[in-house]
Amino acid sequence: MATTVRRAVLTLPAAPLGPENPLPALWTPEGLHRPDGRALRELPRAMARRIAYEPLRTVLPARLRDGYGRERAETDLDAIVIENDLLRATVLPGLGGRVHSLHHKPTGRELVHRNPVLQPAGFALNGAWFAGGIEWNIGATGHSTLSCAPLHAAVVAAPDGGDMVRLWEWERLRDLPFQVDLWLPDDSAFLLVGVRIRNPHERPAPVYWWSNTAVPEGERTRVLAPAAEAWHLGLQRSLRKAPVPEHDGADRTYPLRSEHSADYFYDVPEDSRKWIASLGEDGRGLVQTSTDRLLGRKLFVWGAGRGGRTWQQWLTGPGGPGYAEIQAGLARTQLEHVRLEAEEEFSWLEAYGPLDADPAVVHGDDWAAARSGTEACLERALPRARLEAAYTAWLPHADTDPGERLATGSGWGALEVLRAGHRLPGTPFDPATLGDEQAPWLALLRTGVLPAPRQVAPPGPTLVAPHWRDMLETAPAEPHTEYHLGVAQWHAGDHAQAVRSWERGLRLAPSRWPLLRCLALADRAGGHPERAADLYTEAFDDLCAERRDDGEAWTAATAALAREAIESLLGTGRTADARSVLDRLWPALRERGRFRLLEARLLLAEGDRAGARSVFDEGFDVADLREGAEILGETWSRLTDEPLPARYDFRMRPPRPEA
């Protein structure tokens with residue numbers, strides 16, 4: 001058959017994403033690893049420089065996605081299917097352009113981990129993320145804020161005269177447009193993926209990109225890459241060189257031979273071909289390769305320990321298949337950001353397809369022979385020269401105007417194009433995509449005034465890029481404008497000026513709680529927990545007086561502010577005030593797992609150990625538990641010396657030794 005591109009519907013048990021969190025995320029994302037000065041001095045100079053280059057301060061202007069739960073129902077998802085005689089790729093444009101499935105038709109094999117459920121979990125920089133398939137991570141260290149967001153998608157002419165699918169969006173953490181082109185030549189067993197990131201600004205920009213592929217794990221599944229060493233990011237969250245494959249007494253190229261989760265960034269020589277493969281006991285599996293721009297390769301393992309197994313079930317459902325991740329990135333590690341000069345671009349070509357190798361070689365004791373033998377099989381299946389030629393052929397088509405539209409992303413790119421007049425051939429950001437969220441900012445752009453909301457509601461999103469901050473600074477100093485200006489100033493690192501803006505806005509604000517909450521967080525960050533607790537109490541009182549209903553927007557605001565307030569009040573020993581906040585939540589909110597955990601912690605603070613234990617015995621799930629969070633185990637250890645129940649064991653490292 002000739003290659004086809006068609007719309008489809010994929011039905012999966014899925015948990016709804018829920019509303020966005022309306023409170024601006026003013027803090028640094030949890031779990032980001034930033035080596036201290038001493039650790040940086042021990043790394044190669046170029047790597048240390050890229051690690052120190054423009055680390056993420058906040059996820060602004062993105063909003064947190066933490067309103068999901070764990071109740072799944074059969075859900076229809078829009079999909080795009082790209083298919084030829086050999087492969088069928090299923091893409092989810094409404095969920096970050098994820099390649100959900102890559103099916104090899106001659107053998108009936110699924111080449112990637114095809115998740116049987118869609119379960120959001122707290123792994124992305126801004127919260128909601130889900131496991132499986134091939135994902136595109138852009139922005140900053142971590143899973144993209146676009147993990148569960150819609151992208152623009154359209155049919156475009158492919159280099160071979162057929163059709164390809166273009167995905168594109170405006171990445172807002174770094175203010176950069178990007179595109180991902182996917183196509184299958186008629187006789188190809190490899191899905192080809194052309195990626196381009198452009199910097200249309202007059203200043204350099206830090207760039208991050210990692211393509212992450214979930215692959216089935218098994219007792220005899222081995223991950224191979226052209227490297228004899230790796231940078232290991234393990235339990236102590238420090239980068240250390242480690243030999244490949246043997247490290248700490250085990251062959252770490254077999255994912256299930258690690259007890260705990262770990263990252264291995266392979267030290268691939270610059271002049272070698274760039275590839276990584278996951279092959280099973282029979283020597284069959286998936287290989288990913290690329291042109292040389294994408295130089296990094298990584299293996300992530302959950303490990304065989306109980307915490308890793310719990311996370312696997314959390315993400316894929318009880319009894320779901322386990323997986324590891326093989327990844328490819330712009331730098332050697334995911335701690336680094338690469339400088340993209342003004343008005344320049346990065347582009348490269350990736351390929352994903354089946355690989356059959358001699359299992360005796362793949363699983364042999366000679367690592368050099370295993371990787372060279374695997375690379376020889378790759379060269380026969382897809383010669384390096386052919387990949388380079390495909391990249392050269394694709395580049396002129398990267399500017400081709402899209403044809404039939406398949407999906408619509410956000411309106412933020414259209415707003416930026418209107419503001420600056422960017423010319424971006426190949427990735428049009430249509431003014432028709434502008435919506436309600438962009439409306440006040442479009443008014444600011446055209447009139448110099450940020451209009452106040454017409455009705456009482458939680459505040460909308462804030463734009464924080466320098467050009468928008470400049471416009472806010474020259475706009476009339478209305479309370480609503482001062483609120484957004486303070487958020488933009490905080491993001492820029494000017495915390496003192498942000499506080500002054502919020503304090504000015506507070507004097508005349510008809511809606512006080514958003515400003516009070518920002519001031520509370522500023523006090524907490526500034527080392528004034530008692531003042532922060534006072535402000536959080538006042539903010540929650542004001543929200544309860546102002547909220548109009550228990551609809552989606554007010555529920556999201558109430559849940560977010562209550563969580564922060566209770567944490568602050570518990571931290572300062574003000575249990576009665578914390579109880580007052582918890583008692584004013586609607587019953588449905590109090591039953592959420594996050595608030596059941598806070599109930600247990602509050603009962604402990606009140607001296608009711610038995611009551612706190614009963615909360616755990618009754619059972620609860622903290623739907624938005626962050627990767628690496630240990631709060632469940634820490635709370636349990638204050639209750640009892642009994643082993644942590646498996647249900648609550650999400651530990652990604654061994655328990656700390658007793659002092």
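Student: Is Cys 377 buried or exposed?
Tutor: Cys 377 is buried, because its relative accessibility is 12%. Buried means under 20% relative accessible area, exposed over 50%, and partly exposed in between, with a 1.4 Å probe and protein chains only.

Student: What should I know about the source of these values?
Tutor: This is a predicted model, where local features need pLDDT of at least 70, side-chain atom pairs count only at pLDDT 80 or more, and totals for chains, interfaces and linings use all residues. Residues are numbered from 1 along each chain as its sequence is written, and side-chain values use heavy atoms, with hydrogens and water left out.

Student: How many disulfides?
Tutor: The count is 0. A disulfide here is a pair of cysteine sulfur atoms within 2.5 Å. Cys 544 is in none, and its nearest cysteine sulfur, that of Cys 518, is 18 Å away.

Student: Switching to helices. Which residues of H6 are buried?
Tutor: In helix H6 (residues 384-394), they are Leu 387, Ala 390, Tyr 391 and Trp 394. Helices (H or I, at least four residues) and strands (E, at least two) are DSSP runs, numbered from the N terminus.

Student: Why do they line one face of the helix?
Tutor: Seen down the axis of H6, the buried residues fall within an arc of 100 degrees, so they line one face. The arc is that of the directions from the helix axis to the C-beta atoms. An α-helix has 3.6 residues a turn, so residues three or four places apart point the same way.

Student: And what is exposed on the other side of H6?
Tutor: Ala 385 and Thr 392 are exposed there.

Student: What covers the buried residues of H6?
Tutor: The cover includes S10, strand S11 (176-183), strand S12 (191-198), strand S22 (284-290) and strand S26 (345-356).

Student: Now a charged one. Where is Arg 517?
Tutor: Arg 517 is in helix H12 (residues 513-525). Arg 517 counts as buried, because its relative accessibility is 1%.

Student: What does Arg 517 touch?
Tutor: Leaving out residues up to four places away in sequence, Arg 517 touches Leu 23, Pro 24, Leu 26, Trp 27, Tyr 536, Ala 539, Leu 561 and Glu 564. Contact means heavy atoms within 4.5 Å.

Student: Backbone next. Which peptide bonds are cis?
Tutor: The bond from Leu 60 to Pro 61 is cis, with omega near 10 degrees. Pro 61 sits in the loop between helix H2 (45-52) and strand S2 (73-83). The bond from Val 244 to Pro 245 is cis as well, with omega near 10 degrees. Pro 245 is in the loop between strand S17 (239-243) and strand S18 (246-247).

Student: What about phi at Asp 248?
Tutor: Asp 248 has a positive phi of about 50 degrees, although it is not a glycine. Asp 248 lies in the loop between S18 and strand S19 (250-251). Asp 248 is exposed, with a relative accessible area of 65%.

Student: And Glu 343?
Tutor: Glu 343 has a positive phi near 55 degrees, and it is a residue other than glycine. Its place is the loop between strand S25 (338-340) and S26. Glu 343 is exposed at 57% relative accessible area.

Student: What is the volume of the second largest cavity?
Tutor: About 80 Å³. Grid points are joined across faces, edges and corners, and a volume is the space filled by probe spheres set on the points. Strand S8 (residues 134-138) gives the most to the lining, with 3 residues.

Student: And the second largest pocket?
Tutor: Its volume is about 1300 Å³. The pocket is lined by 45 residues, of which Arg 63, Asp 436, Glu 437, Gly 460 and Pro 461 lie nearest its centre.

How values were computed:
1 Å grid on protein atoms, 1.4 Å probe; cavity = no way out; pocket = protein on both sides within 12 Å on 5 of 7 lines; lining within 4 Å.
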